[in-house]
Amino acid sequence: MSFQSRIQRFKPWMMPIAILGGFLFHGPIARMQWVIPYLIFSMLFITFCRVKPRDFRVDGMIWKLLAVQLFGALILLYVLRPLSLTFAQSMMVCILCPTATAAPVVTGMLGGSIARVAAYSIVSNLATALLAPLFFVFAAPGLEIDFFREFSAIALHVAPMIVFPLGLALLLYFIAPRAHNAVAAVQGVSFYLWSVSLFLVVGRAVSFALEEPASAVPLMLLMALGALLLCLFQFYVGRRVGRAYGDPVSAAQGLGQKNTVLAIWMSLSYLNPLSSIGPAAYIVWQNTINSLQLYFKVKRDSVKDGEQ
């Protein structure tokens, strides 16, 4: 068996191993979080090199996904608030949170439209930066927020991870097309970078949850369960919306795969800090779903390669 065949055979197991490794080695991983932004930047740059400027467009699918994100968060807040304000805040952030910066990477590996997810990611993050301060005022009674300051803080938190790699990829497309094509030809690297990122992110989520007091365990379990239901709901709704546009994969990833690092930061900064457990649990659920999707996709591709 050749080295390439061995790598292809091992590839379906990389995601489950990354998740398990994150659980087992969450302690040491907590000191390696500084690596994640560089991994995300590299993954997005490689992925965006597959996209040409004419591929970017904002269509009806994007506006429908945005409506689910914004109105869904508002509805959840008002429905759940009488039960528990902290729980309502946690669930609101899980759906208000914009698309993950790495969503185009996973979408590309699953065969969806990178350009569509990239366009929705930009729209989704911009809408969150604009409207999140207003949501926080409703979600946290008595909270005083400087709109322009908070808008700038949120925008600066997400923009570099999306705009810079996209801008670099487009610049390379225009001034060095050969280099652009060379980067576009090594898309397989994104899979391995994503595996390392998954290992680090899951470890961070586990460490974060273990730091909470024992008295908060019942509410934490409720938030973890709620995050699971919301994760499944958003992937399902995204897929349903995407089918009408012939692109269920892109819509599902755009709506279901969230920028949970930003969600945790928003919860810790503006809401009850305990509400951050919801998005922390969402990290595990969305990456489990992504891992299963990629596992079966890679396995199908391996079978096809073996038949040829």
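What share of the 308 residues of the protein chain count as buried? The figure is 53%, where buried means under 20% relative accessible area, exposed over 50%, and partly exposed in between (1.4 Å probe, protein chains only). This is a predicted model, in which local features need pLDDT of at least 70, side-chain atom pairs count only at pLDDT 80 or more, and totals for chains, interfaces and linings use all residues. Residues are numbered from 1 along each chain as its sequence is written, and side-chain values use heavy atoms, with hydrogens and water left out.

The protein chain has 15 helices and 0 strands. Helices (H or I, at least four residues) and strands (E, at least two) are DSSP runs, numbered from the N terminus. Contact means heavy atoms within 4.5 Å. Among contacts between residues at least 6 apart in sequence, 83% join residues at least 24 apart.

Lys297 illustrates one such approach along the chain. It lies in helix α15 (residues 277-307). Its C-alpha atom is separated by 6.8 Å from that of Leu110, 187 residues apart along the chain. Neighbours within four places in sequence aside, Lys297 is in contact with Met109 and Leu110.

The interior was examined next. A nonpolar core is a set of buried Ala, Val, Leu, Ile, Met, Phe, Trp, Tyr and Cys residues joined through side-chain atoms within 4.5 Å. The largest has 90 residues, and Met92 and Leu271 have the most contacts inside it. Helix α8 (residues 114-139) supplies the largest share of this core, 11 residues. A second, separate core of 5 residues includes Ala18, Ile19, Val202 and Val206. Leu271 is in contact with Gln89, Met92, Val93, Phe136, Ala139, Ala140 and Met266, leaving aside neighbours within four places in sequence.

Helix α8 is largely enclosed by the rest of the structure, because 19 of its 26 residues are buried. A kink of about 45° lies at Leu131 in α8, shortly before the proline Pro133. The bend at a residue is the angle between axes fitted to the seven residues ending there and the seven starting there.

Helix α8 also reaches a nonpolar surface patch. Both α5 (60-80) and α8 supply at least two residues each. Helix α5 gives the most, with 5 residues. The patch covers about 710 Å² and is made by Phe71, Leu74, Ile75, Tyr78, Val79, Leu134 and Phe138. Patch residues have over 30% relative accessible area and no salt bridge; like charges are joined within 9 Å, nonpolar side chains (Val, Leu, Ile, Met, Phe, Trp, Tyr) within 5 Å. A salt bridge is a side-chain nitrogen of Lys or Arg within 4 Å of a carboxyl oxygen of Asp or Glu. Ile75, in helix α5, is exposed, with a relative accessible area of 54%.

Terms used. Accessible areas come from the Shrake-Rupley method with a 1.4 Å probe; for residues, only the protein chains shown count as cover.
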